[in-house]
Amino acid sequence: MTGIETIYDYFEDHQKAATSVNETRPLLFGVLCFALGGVSLFISHTLSQRLTFLTFSWSSLLLTMLWQVSAGFVLAAVLHMIMDIQGRKGSAGSLFVLLGLANLVWALAVPFILLARLFFPDKNWPGSVIFLGVGFLVLSLKARSLRDNYHVSTARSWVSLAMPYVALIVAALIGLSLALWVAILKVMQWAH
Amino acid sequence: MEEFQPIPPSQPSAPAPVPGEAPAPGNRRVKRRLMLALIGLWVVSIVAGVAVILRPAGEKQGKGGESGSILALSKDAVGWIPIHGPIMASDGGKLWEKGVEQWSRRLRAMAETQGIKAIVLDINSPGGSVGAVQELYSQILRVRKEKNIPIVALFGDVAASGGYYIAAACDKIVAHPGTLTGSIGVIFQVSNMEGLFAKVGYKSDPIKSGAHKDIASPARAMTPEERRIMQALINDAYGDFVTAVAQGRNLPESEVRELADGRIFSGNQALAGKLVDQLGDSQDAVELAGKLAGIQGKPKVRRDVDSSRWFAEMFESSFGRRTGLDSLLSALPQTHGGLLYMWHGW
């Protein structure tokens, strides 16, 4: 089965695609999917003027692709660990490829952003709606990948998928609170 | 009318695909074609997106310079770069340090930013070292020439000596009525500590490769010959300053020399002496920059923010307070050596 057919099956018959990926574990194909998802995300961010920390350049594009692939590896590893703790069996390699296939959906953002800029040139909200919509679709496909790879219920797949993101948010909040606390202490010391 | 043609018995109808079995060749072909079409559409959208992003600046503008064209990515804006403090080379050229390398880099980055049509340099500086000031002056001229964007200088509390030198490279200068500017000249401060050294029993005995190798040494008085050498050096750098002002302000050198005896001027006096173009505030400077760039209406301002420096300064200040280094450094007089385009009254 070629990569093109795998992509088709992922959207048309996801269980078949999961079985096929589990048999062949095409990791390089997964890397390519994450990289292409990164290209779409980078272009759509630039078009909607949401490229805050980077400028539009080849190096920034490569950095985004690298970031997407690395984040994919980390996410697959963390999710596999979470599922393993829950006693579920599945392949981390297959999960990586399936998550990469889910990431391909960012391709949808580019034409939508182009259309939004065409019909609402001075508005920012269409971009936000598109990113939220496509982002949710990507997340739901990731949850589905988790379900197909580890044979868990939809609810469990969503909870497991949310765990790393929630952990990240909690860690950021703790860091911010600590920084604020240190700043308050410093101001109090200075006042004394 | 076409006649009904029965299917010959030798051609059986295609069996329904069984899950797990290889799909029929026709089905595979349809899948491939569909996916190739979708991939083709994706490639087209990416190419279209990149084309929109990389369009030349002129094509993004509508009639009359307005940026209301279809798929316009950004409104035209005026970049704002603060140049505050002495203009010197930074210690290590690191990103978060303050110095001429960082200002030059930010100026170029701002000029290359999409949508930036003009730049305002918010100058609040008493000047700096000759090399650093001339570097920044040269970079401003380069950016103006290469990027073809107007640069307007806005003077804050003080834009004297080197602070004025860099402004001379800009298209226009806007000053507040009470801004302190001018101080066109060069200084090389030499201390003679011979008496102090004699009191503490210190005697310098340098071994030199040439007669003037220890010129401007604080351990002895300057000879008349050395004074002549230093004065020639000062005059040379002074000539550069006068030429820069004459060229930048489009004034005859003789007229500039009359104003260039090192005195400072208020904004009002500088306007009378044609050293600035208009009196005004930050809004006036932005509007003037926008007008020079052909931006219609009130221009959007894009400020140059260096978050890395903010963090570095926060930690430095915390370290300084903890170690008592801050109070020690503030007690010491701020001295800058070498040839300076600087006014020491600030």
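Predicted model: local features only at pLDDT ≥ 70, side-chain atom pairs only at ≥ 80, totals over all residues.
**Helix pairs**

Two packed helices are described by the angle between their axes and the distance between the axes.

| Helix pair (chain A) | Axes come within | Crossing angle |
|---|---|---|
| α1 (residues 3–12) and α2 (residues 14–24) | 6 Å | roughly 135° |
| α3 (residues 27–47) and α4 (residues 58–85) | 8 Å | roughly 130° |
| α5 (residues 92–103) and α7 (125–150) | 9 Å | roughly 155° |

**Helices α1 and α2**

The axes of α1(A) and α2(A) cross at roughly 135°, and the two helices are therefore oblique to each other. On the side of α1(A), the contact is made by A:T6, A:D9, A:Y10 and A:E12, which meet A:H14, A:K16, A:A17 and A:V21 of α2(A). Sorted by class, this contact has three nonpolar, two polar and three charged residues.

**Helices α3 and α4**

For α3(A) and α4(A), the crossing angle is roughly 130°. These helices are therefore oblique to each other, and α3(A) passes α4(A) in a right-handed crossing. From α3(A), the residues in contact are A:V31, A:F34, A:A35, A:G38, A:V39, A:L41 and A:F42. Their partners in α4(A) are A:S60, A:L61, A:T64, A:M65, A:Q68, A:V69, A:G72 and A:F73. Ten residues of this contact are nonpolar and five are polar, while no charged residue takes part.

**Helices α5 and α7**

The axes of α5(A) and α7(A) cross at roughly 155°. An angle over 145 degrees counts as roughly antiparallel, and α5(A) is therefore roughly antiparallel to α7(A). The crossing of α5(A) past α7(A) is right-handed. The contact joins A:A92, A:S94, A:L95, A:L98, A:L99, A:A102 and A:N103 of α5(A) to A:V138, A:L141, A:K142, A:S145, A:L146, A:N149 and A:Y150 of α7(A). In this contact, nine residues are nonpolar, four are polar and one is charged.

**The cavity**

Rolling a probe the size of a water molecule over the atoms shows where empty space is left. In this structure there is one cavity of 30 Å³ or more, and the largest cavity holds about 80 Å³ of space. Its lining consists of A:S48, A:R50, A:I113, A:A116, A:R117, A:F120, A:K123, A:N124, A:P126 and A:G127. Two elements of chain A, α6 (109–119) and α7 (125–150), each give two or more residues to this lining. The largest share, three residues, comes from α6(A). By class, the lining of the largest cavity has four nonpolar, three polar and three charged residues.

Technical notes. Residues numbered from 1 in each chain as written. Chains lettered and ligands numbered in written order. Heavy atoms only, no water. Axes fitted to C-alpha atoms, helices over the stretch in contact; angles between N-to-C directions. Helix = DSSP H or I, 4+ residues; strand = E, 2+ residues; numbered from the N terminus. Parallel < 35°, antiparallel > 145°, perpendicular 65-115°, else oblique. Left-handed = near helix turned anticlockwise from the far one by under 90°. Contact = heavy atoms within 4.5 Å. Nonpolar A, V, L, I, M, F, W, Y, C, P; charged D, E, K, R; others polar. 1 Å grid on protein atoms, 1.4 Å probe; cavity = no way out; pocket = protein on both sides within 12 Å on 5 of 7 lines; lining within 4 Å. Points joined across faces, edges and corners; volume = space filled by probe spheres on them.
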